[in-house]
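Please keep the sequence and the structure in view while reading.

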Amino acid sequence: MTSKLSLELTTREEALVWTETVLFAVTNVVAILGNLLIICAVYHNHRLRTIPNIFVIALAVSDILMSTICMPFTVASLFHGRWIFDETVCRFQAFDIFAFGKCSLGTMAAIAVSRYFCVVNREKYPSLFKKQRALIYIFIVWCLALVGSVPILVFKNDSIEFHPGKAMCLFKFESNIVYSASILCCFITTPLIIITICYVKVFRAVSRSNRVFSLENNPELLRVNVEEAQVTKRLVAVVVGFACCWLPVFVVDNIDMARGEPTLPRQVYLTNSLIIYLSSTINPFIYCAADKRFRREYKVVLRKIFTFKCRDNSENVNNPELLRMKVEETKVTKRLVAVVVGFACCWLPIFIIDNIDMAHREPTLPRPAYLTYSFLLYLSSPINPFIYCATDKRFRREYKAVFWKIFSFKCQANNENNDA
């Protein structure tokens, strides 16, 4: 069955190759940018630097690592129709997918425990969940996940292989049933039980507290309780999203483990891979949909990125001179960024073509691709004058003055002579 999946991967139509490659590449980019946006939002707003959001940052870091270390190899495999890297890279990708998945699930279990103490057992929460202790808990969870994943690197070589249906290297659970059962018990079942018990108790406590505070007519305590409930709902939504992505993966892996080999269609396995990576992509959207503070900070961060506005612009409104200087500096920055973007647009295709040839160890693309390569190489030199003309009216004015002198052969002194 594996040979059949390999043949299907190799003999795909060109349109299907590009569709799958672009889909996974876009997922990769969105995962990186979205999780970076979470980190920037929390960094930018001091009110978001809370204990729950420390765990949120840990999840974002795990997703960024998954996106930068694991996803690109899958994108490259889908593009080339085979695994083009060596066995060491294959084992490296399998270890990272295995470890980062357990890191995320362990972090969610730590979040559930923190929510339990914050809502149900509040008197112990301040002492157990200080910021330094939260970082220690995250460190312990990650160390356990990484150490628990090390055995797959020391098992015999055929325990990890490239799965042509999923377009990634993975540990074969059927290769060591005892280890797989221990992983299922310690790193999957146990965190899920902890998460379920904690959140059930949390929502029961929140519901009971809301009724009590409403009867006592205590709006302040009710407001605090509602805020904690909203935070909890957002974090539960993260868990549900993670479960929705990984549950089909768990089902497919168990089917293959029971049958001893891959028996499902390639489309099922490729969807399996996509939802694994989607689990690293959806959290920024969940925070945006469930928390207006994150939505507000997303807008602020994106506005700064695309308009290059500084935080103190509002403070400079009453000082026209400082505001004018700030606007001029912003225009200069935009022009220089446009130069960088133009350079990148020219050289990025060159970089991609060179890497394709390096992977194949010889030129394999059609001649028009290489001719476009040369054209872009030289195009990076003449585009800057046009960028300056489009983004700076002073350059446009001087361009006109220079061209006027060149084509009309008139000098400023001629006007002075005529007046004399």
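## Aromatic rings

Phe-171 and Tyr-179 are both buried, where buried means under 20% relative accessible area, exposed means over 50%, and partly exposed lies in between (1.4 Å probe, protein chains only). The model is a predicted one, in which local features need pLDDT of at least 70 and side-chain atom pairs count only at pLDDT 80 or more, while totals for chains, interfaces and linings use all residues. Residues are numbered from 1 along each chain as its sequence is written, and side-chain values use heavy atoms, with hydrogens and water left out.

A pair of aromatic rings is described by the distance of the centres and the angle of the planes. Rings of Phe, Tyr and Trp (its six-membered ring) pair if their centres lie within 6.5 Å; planes under 30 degrees apart count as stacked, those over 60 as edge-to-face, and the rest as tilted. By this rule there are 23 aromatic pairs. The pair of Phe-98 and Tyr-179 is tilted, because the ring centres are 6.3 Å apart and the planes stand at 45 degrees. Phe-98 belongs to helix H4 and Tyr-179 to helix H8, so the pair ties together parts that are 81 residues apart in sequence. Helices (H or I, at least four residues) and strands (E, at least two) are DSSP runs, numbered from the N terminus. Phe-98 counts as buried at 12% relative accessibility, and Tyr-179 is buried at 10%.

Tyr-179 also forms an edge-to-face pair with Phe-171, at 5.7 Å centre to centre and 90 degrees between the planes. Ring pairs join Phe-98, Phe-155, Phe-171, Phe-173 and Tyr-179 into a cluster.

## Cysteines

A disulfide is a covalent bond between the sulfur atoms of two cysteines; here it is counted when the two sulfur atoms are within 2.5 Å. The count comes to 1 disulfide. Cys-90 and Cys-169 form it, with their sulfur atoms 2.0 Å apart. Its S-S torsion is about -110 degrees, so the disulfide is left-handed. The bond links distant parts of the chain, since Cys-90 lies in helix H4 and Cys-169 in strand E2 (residues 168-171), 79 residues apart.

Both Cys-90 and Cys-169 are buried. Cys-185, by contrast, is in no disulfide, and the nearest cysteine sulfur, that of Cys-186, is 4.7 Å away. Cys-185 counts as partly exposed, at 45% relative accessibility.

## Nonpolar cores

A nonpolar core is a set of buried Ala, Val, Leu, Ile, Met, Phe, Trp, Tyr and Cys residues joined through side-chain atoms within 4.5 Å. The largest core has 42 residues, of which Phe-55, Ile-195, Tyr-199, Tyr-287 and Phe-294 touch the most other members. Several helices each supply at least two residues of this core, among them H2 (14-44), H3 (51-80) and H9 (219-259). H4 gives the largest share, 9 residues. Apart from this core lies another, of 33 residues, including Phe-73, Ile-97, Phe-98 and Ala-167.

Beyond its neighbours within four places in sequence, Phe-294 is in contact (heavy atoms within 4.5 Å) with residues including Ile-38, Leu-48, Arg-234 and Tyr-287.

## Confidence

The predictor's confidence in each residue is its pLDDT, from 0 to 100. The protein averages 81, and 85% of the residues score at least 70. Confidence is highest in H6, at a mean of 92, and lowest in helix H17 (residues 412-419), at 53. Over residues 309-317 the pLDDT is below 50, and this stretch has 11 contacts in the model beyond near neighbours in sequence.
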